[in-house]
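Work through the exercises below with the structure open. Each task is followed by a stepwise solution.

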Amino acid sequence: MRIAIVLNASWNIYNFRMGLIQTFLETGHEVYAIAPPDEYSERLVEVGCRYIPVDLDNKGSHPVKDLAYTASLYKIYKAIKPDAILHYTIKPNIYGTIAASLLGLKVINNVSGLGTVFLRNNLTSKLAQFLYRLTFTLPDKVFFQNPDDRNLFIKRGLVKESITDVLPGSGIDLQKFRPLPFRRNHTFTFLLIARLLYDKGIVEYIEAIQTLKKSGIHAKFQLLGFKDNSSSGIPERLLNQWIEAGLVDYLGTTDNVTHFINHADCIVLPSYREGTPRTLLEAAALAKPLIATRVPGCIEIVEHEYNGFLCEMKNSVDLARQMQKMTKLDNSSLHEMGEASRRKVEEKFDETLVIDKYMEAIGLHQVPA
């Protein structure tokens with residue numbers, strides 16, 4: 001069987017869909033990775049994918065460019081004739097579905113998060129929802145990563161309930177992400193991992209740090225993630241101001257996020273809304289206590305006072321309060337909270353659960369001979 005996986009970046013495919021890809025390859029299927037080229041494209045080829053580059057403008061809605069993207073996908077799908085197409089992220093979900101439907105191909109979409117278009121009430125948001133409503137009658141299956149996102153799409157009439165299902169995010173490889181023995185840093189260390197977007201709660205994180213420092217809390221505060229030059233991104237001048245003021249250690253980007261998680265005491269994500277945040281999944285699998293906002297996506301992973309603390313969205317005072325509580329935990333309590341995180345992912349977020357759902361949706365109930 002030929003299976004196409006379509007995303008907005010080769011990096012995204014390699015880092016978040018590799019378990020699924022390996023399962024397809026190991027069971028004798030061809031996998032086509034379709035995404036804009038980047039430094040991870042060659043890695044997809046090395047693991048056995050057939051990589052096909054495609055141009056995609058990820059910044060906003062541009063009708064001419066989006067039409068060209070749709071035409072490119074149509075041409076690719078017509079040439080390779082995939083038995084199933086797996087779309088992820090907004091533009092592949094919408095425009096890939098249009099291209100595939102014109103050819104009568106099987107489509108499985110994944111809404112991995114609602115993004116900024118659902119956090120704002122503007123023309124872009126209305127256009128995105130119109131396009132979802134127009135195209136999401138066409139797929140064979142639409143997966144969501146939390147029940148709140150699924151219910152929102154159904155309530156707004158963007159998708160037929162009968163074709164929807166919920167996945168535990170992208171799942172987590174529990175063998176790859178194994179915790180180290182418990183060790184508390186001499187100076188308590190917080191780490192936020194996210195693209196540098198306002199919607200990730202980064203400003204609230206900085207404001208909470210300022211509050212904690214004024215209260216005399218001695219801790220390290222780290223920030224790891226891609227800079228974003230869009231209108232939703234944190235301006236570099238503002239980031240530099242925070243660094244120069246000694247508020248946060250900016251760690252840049254990395255291919256080895258596990259190293260930084262292992263060397264932190266607590267992972268923080270004050271996001272405004274998530275699908276199922278990968279950083280929290282990885283941190284939980286590595287047995288770290290968590291702090292996140294009480295919003296869809298985060299509440300699926302963080303259970304208040306069990307494996308972390310929840311705070312109110314856009315409330316830096318509450319975030320600071322929860323961070324201070326975390327620093328006050330004794331070693332035994334901190335260790336137990338991390339162990340609870342690991343139990344949570346073992347019970348609900350094992351990658352095999354995600355893979356099984358995809359195999360069923362595609363119709364791969366048995367391993368090929």
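A salt bridge here is a side-chain nitrogen of Lys or Arg within 4 Å of a carboxyl oxygen of Asp or Glu. By that rule the structure holds 18 salt bridges. The model is a predicted one.

**Exercise 1. Find the domains and state how far apart their centres lie.**

Solution. 
- Step 1: Domain 1 covers 2-171 + 350-362, and domain 2 covers 189-349.
- Step 2: Take the centres over C-alpha atoms. Those of domain 1 and domain 2 are 28 Å apart.
- Step 3: Count the residues in contact. Domain 1 supplies 24 residues and domain 2 supplies 19 residues.

**Exercise 2. Describe the interface: what area is buried between domain 1 and domain 2?**

Solution. 
- Step 1: Read the area. About 1,600 Å² is buried between domain 1 and domain 2. Carbon and sulfur atoms give 48% of this area.
- Step 2: Count polar contacts. There are 10 residue pairs in polar contact between domain 1 and domain 2, with both residues at pLDDT 80 or more.
- Step 3: Find the elements on the domain 1 side. Helix H1 (10-16), helix H7 (147-155) and helix H14 (351-362) each give two or more residues to the side that touches domain 2. H7 gives the most, with four residues.
- Step 4: Sort that side by class. Nine residues are nonpolar, nine are polar and six are charged.

**Exercise 3. How many salt bridges cross the interface of domain 1 and domain 2?**

Solution. 
- Step 1: Apply the rule across the interface. It finds two salt bridges.
- Step 2: Inspect Asp 149 and Arg 273. They form a salt bridge, with the closest N and O atoms 2.8 Å apart.
- Step 3: Inspect Arg 43 and Asp 255. In this salt bridge the closest N and O atoms are 3.4 Å apart.
- Step 4: Arg 43 lies in helix H3 (residues 41-46). Asp 255 lies in the loop between E10 and helix H10 (257-262). The two residues are 212 residues apart, so the pair links distant parts of the chain.

**Exercise 4. In what order do the strands of the six-stranded open sheet run?**

Solution. 
- Step 1: Trace the sheet. The order is E10-E9-E8-E11-E12-E13, with parallel pairing.
- Step 2: Strand E10 (249-250) and strand E13 (308-311) each pair on one side only.
- Step 3: Check one pairing. Five bridges join strand E8 (residues 189-193) to strand E9 (residues 220-224).
- Step 4: Thr 189 stands opposite Lys 220 in E9.

Methods:
Residues are numbered from 1 along each chain as its sequence is written. This is a predicted model: local features need pLDDT of at least 70, side-chain atom pairs count only at pLDDT 80 or more; totals for chains, interfaces and linings use all residues. Side-chain values use heavy atoms; hydrogens and water are left out. Domain bounds come from an automatic or database domain assignment. Contact means heavy atoms within 4.5 Å. Buried area is the accessible area (1.4 Å probe) that two parts lose on being put together, summed over both. A polar contact is a pair of N or O atoms within 3.5 Å; within protein, one must be able to donate a hydrogen and the other to accept it, and residues adjacent in sequence count only if both atoms are side-chain atoms. Ala, Val, Leu, Ile, Met, Phe, Trp, Tyr, Cys and Pro count as nonpolar, Asp, Glu, Lys and Arg as charged, and the others, Gly among them, as polar. Two strands pair if DSSP finds at least two bridges between them.
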